[in-house]
Protein chains: 2
Amino acid sequence: MNRPGPGSAAKSAPRGADDMFNPVSLARASQAIVDQIRELIQDGHLTAGERLPSERDLCERFGVSRVTVREALRILEAGGLVTVKVGARGGAYITSPSSDRIGRGIEDYLTMSPTITPAEVTEARLVLELGIVPVVCERATEEDIAGLLELCDAADAAIAAGTYTMEMSAEFHIRVARLAHNGAIEMLLGPFHRPMLTSMKAAREAAPAMGALGVKEHRKFVLAVRDHDVPKATALMRAHLERTAARVQQRSKSHS
Amino acid sequence: MNRPGPGSAAKSAPRGADDMFNPVSLARASQAIVDQIRELIQDGHLTAGERLPSERDLCERFGVSRVTVREALRILEAGGLVTVKVGARGGAYITSPSSDRIGRGIEDYLTMSPTITPAEVTEARLVLELGIVPVVCERATEEDIAGLLELCDAADAAIAAGTYTMEMSAEFHIRVARLAHNGAIEMLLGPFHRPMLTSMKAAREAAPAMGALGVKEHRKFVLAVRDHDVPKATALMRAHLERTAARVQQRSKSHS
DNA sequence: GGAGGACTATTGGTCAGACCATACTTCCAC
DNA sequence: GTGGAAGTATGGTCTGACCAATAGTCCTCC
């Protein structure tokens with residue numbers, strides 16, 4: 001089978017003037033397979049944890065070669081929709097997109113899209129990080145607060161020892177985001193932290209004292225959250241973020 | 001070359017007790033290629049618009065077969081990092097991740113991840129959509145406002161004619177998001193609208209009158225934005241979104 | 001009888017070479 | 001010059017094969 005040659009499995013033969021304007025369809029069989037499986041997942045015919053037939057099986061069912069099936073699986077895998085395992089009992093297992101994977105996509109977009117300026121990234125982060133403050137104030141538990149304070153203590157100690165890093169600052173913000181107890185928010189905010197980190201690292205070289213002030217602001221913020229004082233917490237976070245942003249901006253300006 | 005067999009190009013030979021705990025690395029050559037090209041892009045050695053060597057060239061350079069190179073390209077393509085064109089002068093062109101592509105990833109995550117509840121999605125949307133109000137109030141131009149009002153007029157007409165759809169409501173919110181004039185925010189908020197649409201459509205069947213009230217609220221919001229009245233605009237948007245969310249929630253509850 | 005190891009079957013990962021479809025280039029004839 | 005025809009580079013797919021990884025099975029040895 002499949003003698004008519006490549007492409008004919010995906011295309012509906014543009015010859016003949018009878019069925020004009022009809023098929024045209026996609027030029028890639030692998031993409032057609034991706035769409036099909038994707039739809040099966042979205043419609044609930046395939047659910048997380050379920051196992052797709054083996055590649056060799058899929059070949060026969062789709063009427064394509066193994067190469068094509070494999071490319072389709074790569075695409076699905078890249079989208080986080082399936083996980084492929086090797087060995088007996090291996091194969092493609094339906095899986096839910098992970099926060100990490102999506103996060104990397106967002107991060108790529110933030111850092112590599114030429115239409116997005118650093119100022120826009122900063123602003124978007126501000127919107128998110130301020131927006132969650134009311135949620136965090138409402139939902140943070142005693143343990144959450146205690147954890148944050150521990151982080152502040154550790155930061156203070158690190159500053160005293162001269163080992164404070166920007167990663168520790170980023171860690172604080174990540175933890176705060178987690179206190180919203182909302183996976184969607186956490187996913188959205190996560191990707192911002194690494195790009196921020198790189199610019200902050202650069203900025204810190206210019207202003208090494210920044211760390212100490214930052215930690216102080218962190219601690220004040222935590223206390224405001226503990227008191228469920230939304231306005232105060234918001235104001236503190238805004239001041240903290242805007243000061244950081246200004247510092248980064250200033251440096252990037254002095255370098256241009 | 002490549003006689004030692006598959007996998008040996010990606011693995012660093014776990015034999016020998018000298019270099020214990022060292023390599024182990026990834027088992028897939030295609031993934032190694034992806035990482036390498038990805039790094040080249042991030043480091044700026046490859047910039048948008050640039051063309052990668054042909055698949056056959058890449059085979060030789062990486063010392064792998066064409067299948068492997070192609071799988072790598074599929075992964076990069078799925079991530080929106082390259083675009084592949086056929087024909088002479090075709091090939092893989094470096095491209096910046098598009099908002100659409102990333103958006104679909106986020107959407108997949110929001111709708112298919114079992115750890116994310118609809119309530120979380122609603123809340124995240126609330127945070128974003130409220131967070132941008134100050135930005136929108138500050139940055140919206142006369143034309144922007146006029147455009148929104150036109151949309152409201154069209155909606156009113158549609159309601160009178162009985163042809164109002166939830167898509168029109170979603171369109172309004174998408175337009176508002178665009179008024180922030182911030183690509184990052186637009187990218188983050190976009191994916192929320194389609195999932196919202198599906199639940200709202202269902203909700204509307206239960207409460208057909210909702211549309212008219214919604215449009216009234218839209219219009220009031222626009223006027224507040226025009227007056228740069230941030231508190232009022234925020235309050236209006238919050239009320240609007242929370243009412244919608246409640247309606248959706250109520251319906252999904254009555255169905256369970 | 002139990003524990004450990006060898007065997008086997010299944011399945012993904014890769015290779016090699018081939019062919020077709022597409023789209024740009026070049027060039028020739030008019 | 002302009003239109004079309006031939007040439008060429010390139011991706012898309014197929015085929016058939018082998019290797020590598022893994023889980024289950026069975027067999028041996030204690």
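Visitor: In β2(B), which residue is the bridge partner of B:Val84?

Guide: B:Ala92 is the partner of B:Val84. Strands here are DSSP E runs of at least two residues, and helices are H or I runs of at least four, numbered from the N terminus. This is a predicted model, where local features need pLDDT of at least 70 and side-chain atom pairs count only at pLDDT 80 or more, while totals for chains, interfaces and linings use all residues. Residues are numbered from 1 along each chain as its sequence is written, with chains lettered from A and ligands numbered from 1 in the order in which they are written.

Visitor: In which sense do strands β1 and β2 of chain B pair?

Guide: Two strands pair if DSSP finds at least two bridges between them. In chain B, β1 (residues 82–85) and β2 (residues 91–94) are antiparallel, over 4 bridges. They form a hairpin with 5 residues between them, and B:Gly87 in the turn has a positive phi of about 85°.

Visitor: Now the helices: at what angle do α1 and α3 of chain A pack?

Guide: Two packed helices are described by the angle between their axes and the distance between the axes. For α1 (residues 29–42) and α3 (residues 66–78) of chain A, the angle is about 55° and the axes are 8 Å apart. That makes α1(A) oblique to α3(A); angles under 35 degrees count as roughly parallel, over 145 as roughly antiparallel, 65 to 115 as roughly perpendicular and the rest as oblique.

Visitor: Which residues of α1(A) meet α3(A)?

Guide: Contact requires C-beta atoms, placed from the backbone, to lie within 7 Å. Among those in α1(A) are A:Ile33 and A:Ile37, and the α3(A) side includes A:Val69 and A:Leu76.

Terms used
Axes are lines fitted to C-alpha atoms, for helices over the stretch in contact, and angles run from 0 to 180 degrees between N-to-C directions. Two residues are in contact if their C-beta atoms, placed from the backbone, lie within 7 Å.
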